[in-house]
Amino acid sequence: MTKNMTIDSDATKLGRTGDSVISADTNSDSDCTAETPSAAKPISPKASPRGLVNEQLLGTSTQCVHSGEQRQKAEGSITAPIYAASTFTFDSTASLLRFVNGEEDREEYGRYGNPNEKSVEAKLAALEGAEEAILYSSGMAAIVGLLMAKLSSGDEIVFFDQCYHRSREFCAKHLSRFGVVTHQVPTGDFEALEAAITPRTKMLVSESPTNPHLTTIDLEKFAAVGKSNEVETLIDATLATPFNIKPIAYGVDYVLHSATKYLGGHNDLLAGVICGRREQLESVRSLRGVLGGVNSPHNLYLLERGLKTFALRMQRHNENGLAIAEFLENHPRVDRVYYPGLKSHPSHDSAAAQMRGYGGLITFTVKDADWEETSRIVDAAKIPRIAASLGGVESLIEQPLVMSYYHCTPEDRVRFGIADNMIRMSCGIEDTDDLIADLKQALQA
Ligand SMILES: Cc1ncc(COP(=O)(O)O)c(C=O)c1O
C-alpha cells in the first residue's frame, strides 16, 4: 500500500462516529427562553446507536454533563481516560485494510483525531445544535483553518468591522498574499453588507456580540443576506456562547468559538471550535488533518472537564454581567456602559430578542478621565486581575488602550472606537456583591 492510499482513504474517514450517548439536535434547548427563530431548520440528528436518552428532552446542563460521551468508558471509569497516544495500533494488516476501506470507524493517527477529541467535539456539537464540531488548538487556528479551507485566490470575503482584530488582520495581511480580497463594512449596516457582495464573494463574517463594544447582530437577517446571495455565513459567537444564543438555529452556516474563553472557562487552556453542517465541513476537517493545529489529549480532558459546568458558570456570568452593568450605569464616575442587557445599548432590542442572557463582558468609560486616571481605577480593583482574555471563572480587567491597542496609531484607535478612558471587565463567577463592592472602592480611589 502506498502512503497516498492511506492519506486519501483517511480523508474520507474523518467524519464523526455515532459513538455518543446523546446526539446533536437543534431542538434540544428545552430551558432556553429566547424564541425559536422562524428561519430555524431542524438538523438531522446524528445516529445515537445506544439510544439511551431522548436528546429533545434534555436541557443545556444535562447536555454539558453527558452529551457526546460514551456511556460505558474503559474500565468503567466515570470520566474519560486521557488517551495519551500519538498513534493507534492495528493488530493485523487485515484490520488496517478494514480501516482504509472504510469498513471500520476507529482512530489512526493523532493529527486526524483521538477519542478525547471525539467526545468533546460531539458534546460541543450537541450544545450548539450542529451536526458537526471541529476542534483546533486555539480560536485563531479555527478561523484560519476554516478560511483556508473555504477560500481560494480571487475569492472575496466581507467582514462587519467590529470583528476580532486578529481575524481581520489574518484576512487583510495574510489571506491577501494568496489573492483573497477582504472588505470591511460598518457593523450592523446590512445595506453596506449587501452592497459589498460581488459575484466573487464567498463568505460573510461577523461577531455577535462584538468585542469590546458588545454590538449584537440580527442573526436571522445576516443569514438571510447570505442565503439570498448564495454566500456562506460565519458568526464568531465567542462572547455569546451556545448557552446564550445558537446561531445555526437562525440559518447561519458556521459558528466559531474561542473555546479558550467561556467553553473552557478556567483560564487554563487554549482551544477553538468550528460548528456547522457535516457536508460543508468535510473539506475543513480534511485540511485540519494537513495543517495540524490540533489539541493534546490532556488539553481536551481539561476542556471536557470545563464543559461539564459550562451551563452553571454561564448562569453566574450572566447574573454578574447584568448586575455590574446596572451598577456601573448608575455610578456618577461612569460615563457610558456598553452591555447588551442594558436598555441604553443601541443593540439591546436585537440582543433581547435573540439571547437568553448577555454574558459577563462589560466595557465602560470613566467620566472626564484621561488614560492615567483610568489606569488608576484598573489598578485599584482588588478582585479582578489585569490580564487579556475573558470568560474564565476569575474576573479580569483591562484598559483596551494599554492592552490590545497600545501599538495602534491614535487614528486607528479612533477608527476602532477605543477611547483612552475605556475599561473592559470580564466578570467571573465570584459573588456579585463582592465584585460590586470592589468596583465601588476602585471608582472612589
Ligand atoms: C471574539 C474572539 N474570537 C477569537 C479569538 C481568538 O481566540 P484564541 O485566543 O483562542 O486564539 C478571540 C481571542 O481573544 C476572541 O476574543
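How many of the residues of helix α4 are buried? I shall answer that in a moment, after a word on the model as a whole.

Good morning. The structure above is a predicted model. The protein has 445 residues, and buried residues make up 48% of them. Its secondary structure consists of 17 helices and 12 strands. Among the contacts with a separation of 6 or more, 75% are between residues 24 or more positions apart.

Let me return to helix α4, which covers residues 115–128. This helix is mostly covered: 14 of its 14 residues are buried. From its first C-alpha to its last, α4 reaches 20 Å, close to the 20 Å expected for its 14 residues at 1.5 Å a residue. Just after α4 comes Gly129, with a positive phi of about 70°.

I turn next to a sheet. Strands of a sheet pair through backbone hydrogen bonds, and they may do so in parallel or antiparallel fashion. In this model, 5 strands form an open sheet with mixed pairing, in the order β8-β9-β12-β11-β10. At its edges are β8, residues 334–338, and β10, residues 385–386, each of which pairs on one side only. Within the sheet, β11 (residues 396–398) and β12 (residues 422–426) run antiparallel and are joined by 3 bridges.

Please now find Ala381, in the loop between α14 and β10. Is Ala381 buried or exposed? Ala381 counts as buried because it has 20 C-beta neighbours inside 10 Å. Leaving aside residues up to four places away in sequence, Ala381 touches Ile397, Asp438, Leu439 and Ala442. The C-alpha atom of Ala381 is separated by 10.0 Å from that of Leu396, which is 15 residues away along the chain.

Finally, the ligand. Which residues surround the ligand? They are Ser138, Gly139, Met140, Tyr164, Glu207, Asn211, Asp236, Thr238, Ser258, Thr260, Leu270 and Gly272. By type, this shell divides into 7 polar, 3 nonpolar and 2 charged residues.

How values were computed:
Residues are numbered from 1 along each chain as its sequence is written. This is a predicted model: local features need pLDDT of at least 70, side-chain atom pairs count only at pLDDT 80 or more; totals for chains, interfaces and linings use all residues. Two strands pair if DSSP finds at least two bridges between them. Helices (H or I, at least four residues) and strands (E, at least two) are DSSP runs, numbered from the N terminus. A residue is near a molecule or strand if its C-beta atom, placed from the backbone, lies within 6 Å of it. Ala, Val, Leu, Ile, Met, Phe, Trp, Tyr, Cys and Pro count as nonpolar, Asp, Glu, Lys and Arg as charged, and the others, Gly among them, as polar. A residue is buried if 20 or more other C-beta atoms lie within 10 Å of its own, exposed if 12 or fewer, and partly exposed in between; C-beta atoms are placed from the backbone. Two residues are in contact if their C-beta atoms, placed from the backbone, lie within 7 Å. The expected span of a helix is 1.5 Å times one less than its number of residues.
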